[in-house]
Amino acid sequence: MNSTTLIAALYVFALAAFLGYQVISRVPPLLHTPLMSATNAISGISLVGSIVIAGGTGPHHSTVAMILGFIAVVCSTTNVVGGFVITDRMLRMFKRKK
Amino acid sequence: MNWQTYFIEFSYLLASILFILGLKGLSHPETAKRGMHLAEFGMMMAIIGTLMHFEIVSYTWIIVGLLIGSTLGAAMGVWVPMTAMPQRTALSHAFGAFAAALVGIAEYYSYTHGFKPLAELGHLKMSAMGFEIMLGSLTTTGSLIAFGKLQGIVPGKPLVYRGQNIFNMTLLAATVGLSIYLIFVPTAVVPFYVMLALAFVFGVLLVMPIGSADMPVVMSLLNSYAGLASAATGFVLSNNVLIIAGTLDGFSGFILSILMCRAMNRSITNVLFGAFGSAATAAIAEGQQGVMREVSVEDIAVQLAYANKVIFVPGYGLATAQAQHAVRELASVLENRGVTVKYGIHPVAGRMPGHMNVLLAEANVPYSQLYELEQINPEFPTTDVAVVIGANDVVNPDARDNPNSPIAGMPILEVDRAKSVVVLKRGQGKGFSGLENPLFFKPVTGMLYGDAKDTLTKLVSAVQHA
């Protein structure tokens, strides 16, 4: 990673941090549990990195890396699917007064 | 850039935007569902985009992995009961952190075993990788221990020993030291595996001394770490959507941790390294402060039936007794008699942020009846009956009145200001923190012993006949 990429990445990180703070501090305590499961689901985006590794990259691909990548795919997918399913389930429970 | 790369980068950008919009939707229950659908769509686009990556050689492992993961995730999502939500959340932290750690380890392996050009592994990349792997590993084991504590497999009491903090600090220093060494000598494979092992161990030791009552903070922290590990993965792979999503998760957890700590009026270092149990034994004035007045179901039923306003204060005991449906039934019966019913939810009631809210929502309690601490405290003086169900520290007046108490300064639900208080409790024990609660000895309070679900069900029929 050269310094230009690093600086761009740091910009992204800083902006994401500010934005994250703004967005998340507006979530009421009522929805804190769905917030945790939703953010878990979203961070399962690391699935994207594991997919590339599990698929074997470059002209020489190592089996060890592919297996580790495979396990990572399983873990991340569990988080993504499970996280969204549970968040959905929880959100459906919150009803106004009839 | 060829069209494939354009598509992939565009899908990542779209995913980033949709994730942010999705979280924004969580600011209100009405917009939350739609927000989540946006986030789900974004995730799908990012995954589809990645699958078209030109570097992928074989799809077998990927497809199998996706299928297994989806099945596991869907099964957990559908079958885990709301009362086990904290455990499930702890597990998902473990999975997420583990995935991040594995990606780092796989990358490291590829670089140091000749599958990727070592020249590409510069100092910056190695630092990010080291950080990702350390954080990912310790969060994995830490979350597994948290899961164990929540599930009761691991003792909920703080497990402390002399010199513990020094030992933990040394362990951390050693782990970080090794990772710094690796930045300059990336090919030192043995130190790498040692660092990895130390990080795993540190995770265990970090969470072991934390008591069950402090779980909300720990859960939020682990949530944060898992997110930061993903963000670090983003730095390593130069993947912006990973950085964004990881940062959002990391900050979310961080904000929640701060909120939890404020709600307990303890600093974060105190929670992590203070081992609450030991602090408590030092400061307690021993001895009974009077007599606890036991009441009967019939007495309380009459009080409730003729009250104008009743406030329910749930605690972790509600979850363990699975009494959320019973309390809802009681509330309905009371409302049919014209009683105003509200619920006071303390931020750290339960084992994770928002725990009580989802439990009551599952029992079909409308969320408009759920009130936060600042909103409900002024109402207690005009409340006829405050019903405390399985809550202890969050209604302990010592936090307000006794400056020497270990929980001094912690915001509490001021049930002792109500006209009458009923405490539903399994027995005469002291609860998770081991603190005496003067509320139980006050004249305004009546103790109703027994299993909460049982007691509440009896109250329902008693009120109907009152």
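How many of the 28 residues of helix 4 of chain B are buried? The count is 26, so described as a helix that is mostly covered. This briefing concerns a predicted model. The model described here is predicted.

**Helix 4 of chain B**
- This helix runs over residues 85-112 of chain B.
- From its first C-alpha to its last, helix 4 of chain B reaches 40 Å, close to the 40 Å expected at 1.5 Å a residue.
- Gly114(B), just after the helix, takes a positive phi of about 80°.

**The contact between chains A and B**
- Chain A contributes 81 residues to the contact, and chain B contributes 100 residues.
- On the side of chain A that touches chain B, at least two residues come from each of helix 1 (3-24), helix 2 (32-43), helix 3 (47-54) and helix 4 (63-93).
- Helix 4 of chain A gives the most to that side, with 28 residues.
- By class, the residues on this side of chain A comprise 46 nonpolar, 28 polar and seven charged.

**Helix 4 of chain A with helix 4 of chain B**
- The two helices pack at an angle of about 155°, and their axes are 8 Å apart.
- Angles over 145 degrees count as roughly antiparallel, and helix 4 of chain A and helix 4 of chain B are therefore roughly antiparallel to each other.
- The crossing of helix 4 of chain A and helix 4 of chain B is left-handed.
- The contact of these two helices has 15 nonpolar residues, nine polar and one charged.

**Helix 3 of chain A with helix 4 of chain B**
- Helix 3 of chain A packs with helix 4 of chain B at an angle of about 35°, with axes 10 Å apart.
- The crossing of this pair is left-handed.
- From helix 3 of chain A, the residues Gly49(A), Ser50(A) and Ile53(A) meet Ala99(B), Val103(B) and Ala106(B) in helix 4 of chain B.
- This contact has four nonpolar residues, two polar and no charged ones.

**Helix 15 of chain B**
- Helix 15 of chain B, residues 355-362, is mostly covered, with seven of its eight residues buried.
- The buried residues of helix 15 of chain B are His355(B), Met356(B), Asn357(B), Val358(B), Leu359(B), Leu360(B) and Ala361(B).

How values were computed. Residues are numbered from 1 along each chain as its sequence is written. Chains are lettered from A and ligands numbered from 1 in the order in which they are written. This is a predicted model: local features need pLDDT of at least 70, side-chain atom pairs count only at pLDDT 80 or more; totals for chains, interfaces and linings use all residues. Helices (H or I, at least four residues) and strands (E, at least two) are DSSP runs, numbered from the N terminus. The expected span of a helix is 1.5 Å times one less than its number of residues. A residue is buried if 20 or more other C-beta atoms lie within 10 Å of its own, exposed if 12 or fewer, and partly exposed in between; C-beta atoms are placed from the backbone. Two residues are in contact if their C-beta atoms, placed from the backbone, lie within 7 Å. Ala, Val, Leu, Ile, Met, Phe, Trp, Tyr, Cys and Pro count as nonpolar, Asp, Glu, Lys and Arg as charged, and the others, Gly among them, as polar. Axes are lines fitted to C-alpha atoms, for helices over the stretch in contact, and angles run from 0 to 180 degrees between N-to-C directions. Angles under 35 degrees count as roughly parallel, over 145 as roughly antiparallel, 65 to 115 as roughly perpendicular and the rest as oblique. A crossing is left-handed if the near helix is turned anticlockwise from the far one by less than a right angle, and right-handed if clockwise.
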